[in-house]
Amino acid sequence: MAAPDCGDAVLSKRAQLVAGKGAGGHVAEWKALLEEAERPVNVNLTQGFPDFEGSRTARFEAAEAIMRLESQRLNQYSPLVGLSSLMDSIANLYTRLWPKIGEMDAAKNVVVTTSGTEAISVAMQTLVSPGDEVILFEPFFPWYAPGVRLAGGEVKLVRLDMEDGFAIDRTRLLEAFDPKRTKMIVLNTPHNPTGRVLTREEVRSVHEVASTSEIGCVVFSDEAYEGQCWAPGGHEKVQTMVEDLNAEACARVKCLTMGTASKLCSLTGWRVGWLTGPKEIIKGAKAMHGYSTYCAPSPFQHGIAKALDGFEDLDPDTCFDGTGALMRANAEKVTSAMRAMGFKVYKPEGGYFVVADCSPLGFETNMEFCRTLLDECQVAVAPMNMFYGRPPEELSPSERCLVRLAICKTEPVIDEAIARMKKLKAAN
Ligand SMILES: Cc1ncc(COP(=O)(O)O)c(C=O)c1O
């Protein structure tokens, strides 16, 4: 007799928590769209991977390290905390480009992870215990909520509205915060998907709330796009703002920060990321990372270290291989073209994306719009459902119509996407 098929019951309770979830309940449709987006006839603006070459220095150095007999140790494990040259390069980069951050001790304040995604998971595993709550500002990068749940925590959502420029609403934050249970508040600046850059006042609200915690609520700052920020004054590290506010208010809020070579060096396939923060948190993170992937690929860590050493200042035209300037130009182009077509568009100040509302064109859902755009214009963009922690029925009519366009592409690709989109017929 055949064994009964126990379906999902074969999975651990933890796997059941996250398997098949996401995309706002549109997993199958989203997967189909992504698969189709990959077809060469389509201009694919769904995912945040660059179509331009990543850092030349990083690629050259890693390739050499892989091939040269003299450096063949780099083809083997690196220390679990990270290659020491990369840990030094990360600490030096931050103190060089963002001097307000102060001295960073590479051995105590840095751990290299196997991607920013792993850094997020490690952060949650290090800080969140069963019963703890974590505040996420919605829309959010879709890896946060499963990370919280896998650590046994509970997600508390605080909605950001496009009408308010996706700014943090202090009243909503206060409602979600519990001094006895909130263990972490997750910030992301520049933000994926919106491209919004947090203001000092917003960080002040977050700090004010976190400082009333009875369980040591930590501010976790995802700064994946710190190299692509064109807001006036540029990217400001949340850690420096938190430290200033601690000094001002005699508070002791801790800040843990995530960075990634995926975006700083435009090499999303290399899977090199890191966490920086207070030594007691980094100590725990090192253990969690060690028991997770052990170490990031050694030759890639070596290449990234060399690339980071070459980033001298924050000039968007030159630093981080000029990606900041390219993103700003693409964002301006896409925003004005889409506004001229009738979309409601949020103008980003950083990051890899532009967010638009397609409802003014007569569409009722983003899935309907994405399907039509792909069929009629051969342009693939992403519905924003997966950036919300609730099903589309619980979103407002305009939120149900939000789409995200990846602008981390070369100019001709962006121009072609715009030219094709102009042929779109409105839904009514
Ligand atoms: C906001 C944000 N955080 C983290 C990551 C993860 O980056 P990585 O490629 O290093 O895993 C991404 C990737 O798109 C992101 O957009």
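**Before you start.** This is a predicted model, where local features need pLDDT of at least 70, side-chain atom pairs count only at pLDDT 80 or more, and totals for chains, interfaces and linings use all residues. Residues are numbered from 1 along each chain as its sequence is written, and side-chain values use heavy atoms, with hydrogens and water left out.

**Stop 1: the two domains.** Colour domain 1 (21–48 + 319–421) and domain 2 (56–309) separately; these bounds come from an automatic or database domain assignment. Their C-alpha centres lie 25 Å apart. Across the boundary, 33 residues of domain 1 are in contact (heavy atoms within 4.5 Å) with 35 residues of domain 2.

**Stop 2: a helix pair.** Select helix α14 (residues 323–341) and helix α16 (residues 411–421). Helices here are DSSP runs (H or I, at least four residues) and strands are E runs of at least two, numbered from the N terminus. The axes, lines fitted to C-alpha atoms over the stretch in contact, come within 11 Å and cross at roughly 5°, with angles running from 0 to 180 degrees between N-to-C directions. So α14 is roughly parallel to α16, a label for angles under 35 degrees. Now show side chains: N330, K333, V334, A337, M338 and M341 of α14 meet E411, I414, D415, I418 and M421 of α16. By class, that contact has seven nonpolar, one polar and three charged residues. Ala, Val, Leu, Ile, Met, Phe, Trp, Tyr, Cys and Pro count as nonpolar, Asp, Glu, Lys and Arg as charged, and the others, Gly among them, as polar.

Stop 3: A search of the whole structure finds two cavities of 30 Å³ or more. A cavity is a set of points on a 1 Å grid, over the protein atoms alone, where a 1.4 Å probe fits but cannot get out; lining residues have an atom within 4 Å of a point. Volume is the space filled by probe spheres set on the points, which are joined across faces, edges and corners. Select F137, L160, N188, H191 and L198, which lie nearest the centre of the largest cavity among its 15 lining residues. Strand β5 (residues 182–188) gives the largest share of this lining, three residues.

**Stop 4: the second largest cavity.** Select L160, M162, E163, F166, K344, D357, Y388, S398, E399 and L402 to see the lining of this cavity, whose volume is about 50 Å³.

Methods
Angles under 35 degrees count as roughly parallel, over 145 as roughly antiparallel, 65 to 115 as roughly perpendicular and the rest as oblique. On a 1 Å grid over the protein atoms alone, a cavity is a set of points where a 1.4 Å probe fits but cannot get out, and a pocket is an open set with protein on both sides within 12 Å along at least five of seven lines; lining residues have an atom within 4 Å of a point.
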